[in-house]
Amino acid sequence: MCSIIGYSGDDTAAPIIVKGLRRMEYRGYDSVGVATESNNQIELKKGVGKVEEVNTKVHLEKLPGKIGIGHTRWATHGKVTDSNAHPHPSNSGKIAIVHNGIIENFDELKNELQKDGYKFKSETDSEVIANLLQKNFEISNNVKDTMMKTVTQLKGHYSFIVMFENGQLAAARFHEPLIVGVGDNNYFLSSDVLGFIEQTDNAIYIDNGNFVLIDQNKFQILDFDGNEIKPQITKVSKEFADVYKGDYAHFTLKEISEQAETVFSAGENTKKAIKESADYLKHSKNVFLTGSGTSYNATLIAKYLLSKYAKIKTESIIASELQFSPESIEPNSILIAISQSGESADVLEAVDIAKQNDCKIISIINSLTSSLARESDIVIGMNCGPEIGVAATKSFTSQMIILYKIVQELSKDIEIDFEEISSSISQILEEHNMIKKIASEIKEISDIYVLGRGIHYPIAIESALKIKELTYIHAEGIAGGELKHGPLALMDSNVFVIIINPEDSTYQDTLTSAREIKARGARIIGISNKNSDAYDFWIKIPKTKELTYPISETIPIQLLSYYAALEKDTDPDYPRNLAKSVTVK
Ligand code: BG6
């Protein structure tokens, strides 16, 4: 997924665009580019690397003009090169585009355009849009007609912004997010409110199959058939403006450190929705859960909690897998979709399939204005503030807190102490030294396994994902009881095993597993409130009630992954090849 941005107004465009791209860099950070229009000329600068690096090298902010477009790339089609970076000019140079998404029929369109004599400088699918717009504009000499023609020819999921040498801007949305920011005498086009939130909190969320025309200070929204659409302005909550690291070296460490507070705000802005959801769950025959990445791991926690405490059988389905077994969703079921961003394409597709089966959609989301929120019947807000670090941290604990609150509505047996959870997190956040020491021990290691039983098994899976995302070390979550049925063969002095072992019903069996692994020479990192001679390294967590452990034990793993990333000199906030939420399939 990439970030796209456009500006038309009274101020110099380039500095505003570069600032917006910096704030949306979590969406893709392979290359950056800006194009502006001044005196009916389009000027363009781009390069491989992050916004800061490229801006320092080619001075993106120095581009002249009050109209411009910009892009940060997460490569899908074509390697990470300068020529594949956006913006892409059309052959005439009178048009430039930035694109987010995938044009599935780009090959076909490219062949046709090449037959018409068009030349292509990049390997991307996106460049096709630029030349197609030029061809259609040369026929109609009218931006509206050009857009209407071009969107009928493109197949795939996309949002793109086009700038014409006469200073007109246009943008279209087909499944990929596109938001308009309305300022005083200026307009913004962006993939995310973060792109313009510093300048205005008036946002218009463009619906699917619509396009926008901006000409100086004239602004129109039309559907793909050319019918005028009345703009709906939404006031964006200013909390989204707070995407600063403060005194933290990285967003990831800042977001890990915010969790003692965010556990209290989880779901607080949508309390009624939690009660409503519990009510639907109580009366529903079939309940399905879905998500991607860390959010999928949260569905495994939900499955455990709903079955153990509320006696509700559920099925967790990886969002991208649902399309291969759509029949597995019985009509009139409930689908709980979990997504931090609310923009993950796989989750949106899974919800689409469920809606075709008349399912009720309950979503747990951090961004209440996201596409998923607009597709859902009930929306529960994680309310943990913007999460910029690509690897999910605070959003995972907020997801767990919300699941706890839903189950609390369904069963009086569940004992949750939010104060204790918050103070446990604070205690762990006060003591990083042991974790930093272990991080320096594991930096050369190529394989790490994380073992847990019961509710700690999904935590083991999430922990392995964190280690993979942040350190690029191969890591795997293992169900404690499965050890002897295979993974034990992998245990030797070259591997580290993290044992999630708080003193609850799983304690004894898991300690036995630790001893079996130690007997094979592997080194053990024990995460527990109680030390043991089976551990080579002990990460202490406070002794608490049973259901505090799944949250408190997650924090040391997040910190360990973060410090190991620093030891390995990887970028904790923007891990290679990843993006904060993947809006392409
Ligand atoms: C990935 C992120 O792209 O998407 C993960 O790197 C995240 O951290 C996953 O868990 C799912 O994203 P979301 O926004 O749907 O929860």
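## Basis of the model

The model is predicted: local features need pLDDT of at least 70, side-chain atom pairs count only at pLDDT 80 or more, and totals for chains, interfaces and linings use all residues. Residues are numbered from 1 along each chain as its sequence is written, and side-chain values use heavy atoms, with hydrogens and water left out.

## Thr290

Thr290 sits in strand β15, residues 287-291. Strands are DSSP runs of E with at least two residues, helices are runs of H or I with at least four, and both are numbered from the N terminus. Thr290 counts as buried because its relative accessibility is 1%. Buried means under 20% relative accessible area, exposed means over 50%, and partly exposed lies in between (1.4 Å probe, protein chains only).

A polar atom of the Thr290 side chain lies 2.7 Å from the backbone oxygen of Ile317. Beyond its neighbours within four places in sequence, Thr290 is in contact (heavy atoms within 4.5 Å) with residues including Thr299, Ile318, Leu335 and Ala350.

## Glu387

Glu387 lies in the loop between β19 (378-381) and α12 (394-410). Glu387 is buried because its relative accessibility is 4%. Its side chain makes a polar contact of 2.7 Å with the side chain of Lys580. A polar contact is a pair of N or O atoms within 3.5 Å; within protein, one must be able to donate a hydrogen and the other to accept it, and residues adjacent in sequence count only if both atoms are side-chain atoms.

A polar atom of the Glu387 side chain is also 3.2 Å from the backbone nitrogen of Lys394. Not counting residues up to four places away in sequence, Glu387 touches Glu255, Gln340 and Asn366, among others.

## Largest pocket

The largest pocket holds about 460 Å³ of space. Its lining has 22 residues, and Ser292, Gly293, Ala579, Lys580 and Val582 lie nearest its centre. Helices α9 (293-310), α10 (345-356) and α15 (456-471) each give two or more residues to this lining. The lining divides into nine nonpolar, nine polar and four charged residues. Ala, Val, Leu, Ile, Met, Phe, Trp, Tyr, Cys and Pro count as nonpolar, Asp, Glu, Lys and Arg as charged, and the others, Gly among them, as polar.

On a 1 Å grid over the protein atoms alone, a pocket is an open set of points with protein on both sides within 12 Å along at least five of seven lines; a cavity is a set where a 1.4 Å probe fits but cannot get out, and lining residues have an atom within 4 Å of a point. Points are joined across faces, edges and corners, and a volume is the space filled by probe spheres set on them.

## Cavities

The structure holds three cavities of 30 Å³ or more. Of its 15 lining residues, Cys2, Trp74, Thr76, Gly101 and Asp125 are closest to its centre. Strand β6 (residues 95-103) gives the largest share, three residues.

## Ligand

There are 16 residues around the ligand, each with a heavy atom within 4 Å of it. Ser295, Ser339, Ser341, Ser344 and Ala579 come nearest. An oxygen atom of the ligand is 2.6 Å from a side-chain N or O atom of Ser344. A ligand oxygen is 2.7 Å from a polar backbone atom of Ala579.

## Backbone geometry

A cis peptide bond, with omega about 5°, joins His86 and Pro87. His59 has a positive phi of about 55°. Lys311 also has a positive phi of about 55°. Most residues other than glycine have a negative phi, and most peptide bonds are trans. His59 is partly exposed because its relative accessibility is 41%. Lys311 counts as exposed, at 60%.
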